[in-house]
Amino acid sequence: MNSRAMMHSAVSLACFFIILTTLSTTAVEASATSAQMIREFLDGHNAARKAVGVPLLAWDASLATYARAYANQRRADCRLVHSPGYAFGENLFWGQGGRWSAGDATAAWVAEKRWYHYADNSCSGQECTHYTQVVWRTTRRVGCSKIICNSGDTFIACEYYPPGNYIGQRPYIN
């Protein structure tokens, strides 16, 4: 092999290692971000559940995959339209801009507690069914996804199993 060919091989090998290192670093950063996001979703949900005495939720990767697939379907319009996944409960969140976190979405759903009235199992004025799904006593697993839509806005979907929000039933026993 001549010196030019050896130099080309050395440069190619160096480029390969730089790309490999970059991909490995990106994969590590992505998994750290995913772990952090999962923790934010679980912490917010489980704090609300603990407050009303229902079992804590576990993360479900299959539900998260479903949430990701559905969120990707909303990427073009970022509309709060529920998926046809009738086997799951579902909470959706939209926020203007890309700065919204898993914790922000969960906090918004949990904040609906102020409109839920346990005594007569009703909502006053505003929506409260996102909150009741978060604390639904028979739900055991959750999986969520966050995307940035083409508009630059944030769309978050969480899927729950078993689902909740059955008419006439309370989300938890007081």
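Modeller: Cysteine 78 is found in the loop between helix H2 and strand S2; helices (H or I, at least four residues) and strands (E, at least two) are DSSP runs, numbered from the N terminus. The model is a predicted one, in which local features need pLDDT of at least 70 and side-chain atom pairs count only at pLDDT 80 or more, while totals for chains, interfaces and linings use all residues. Residues are numbered from 1 along each chain as its sequence is written, and side-chain values use heavy atoms, with hydrogens and water left out.

Cysteine 78 has a positive phi of about 60 degrees, although it is not a glycine. Its relative accessibility is 6%, so cysteine 78 counts as buried; buried means under 20% relative accessible area, exposed over 50%, and partly exposed in between (1.4 Å probe, protein chains only).

The loop that holds cysteine 78 leads from H2 to S2, and S2 belongs to the sheet. That sheet is open and has four strands in the order S1-S5-S6-S2, with mixed pairing. Strand S1 (58-59) and strand S2 (89-95) stand at its edges, and because each has a single partner strand, one side of each is left without a neighbour in the sheet. Two strands pair if DSSP finds at least two bridges between them. As a general point, the strands of a sheet pair through backbone hydrogen bonds, either parallel or antiparallel.

The pairings can be followed across the sheet from S1. S1 and S5 run parallel and are joined by two bridges; here tryptophan 59 stands opposite valine 142 in S5. The next pairing, between S5 and S6, is antiparallel and extends over eight bridges, with serine 145 opposite alanine 157 in S6. S5 and S6 form a hairpin with five residues between them, and in its turn glycine 152 has a positive phi of about 95 degrees. S6 (residues 154-161) then pairs with S2 over seven bridges in the antiparallel sense. In that pairing, phenylalanine 155 in S6 is the bridge partner of tryptophan 94.

Tyrosine 161 and proline 162 are joined by a cis peptide bond, with omega of about -15 degrees, and proline 162 is found in the segment after S6.

Two helices lie across strands of this sheet. H2 lies across S1, S2, S5 (141-148) and S6, and runs at about 30 degrees to S5. Helix H3 (residues 102-111) lies across S2 and S6, and runs at about 115 degrees to S2. For these angles, axes are lines fitted to C-alpha atoms, for helices over the stretch in contact, and angles run from 0 to 180 degrees between N-to-C directions.

Apart from its neighbours within four places in sequence, tyrosine 70 is in contact (heavy atoms within 4.5 Å) with Val81, His82, Ser83, Glu90, Leu92 and Phe155. Phe155, one of these contacts, is the residue already named as the bridge partner of tryptophan 94. The C-alpha atoms of tyrosine 70 and cysteine 158 are 10.0 Å apart in space, although the two residues are 88 residues apart in sequence. The side chains of tyrosine 70 and arginine 74 are joined by a polar contact of 3.2 Å. A polar contact is a pair of N or O atoms within 3.5 Å; within protein, one must be able to donate a hydrogen and the other to accept it, and residues adjacent in sequence count only if both atoms are side-chain atoms.

Glutamine 133, at 2% relative accessibility, counts as buried. Not counting residues up to four places away in sequence, glutamine 133 touches Gly89, Glu90, Asn91, Thr139, Tyr160, Pro163, Gly164 and Asn165. Histidine 130 is buried, with a relative accessible area of 17%. With residues up to four places away in sequence again left out, histidine 130 touches Asn91, Leu92, Trp109 and Glu112.

One further residue concerns the backbone. Asparagine 121 lies in the loop between strand S3 (116-117) and strand S4 (122-123). Its phi is near 50 degrees, a positive value in a residue other than glycine. Asparagine 121 is partly exposed, with a relative accessible area of 23%, whereas cysteine 78 counts as buried.
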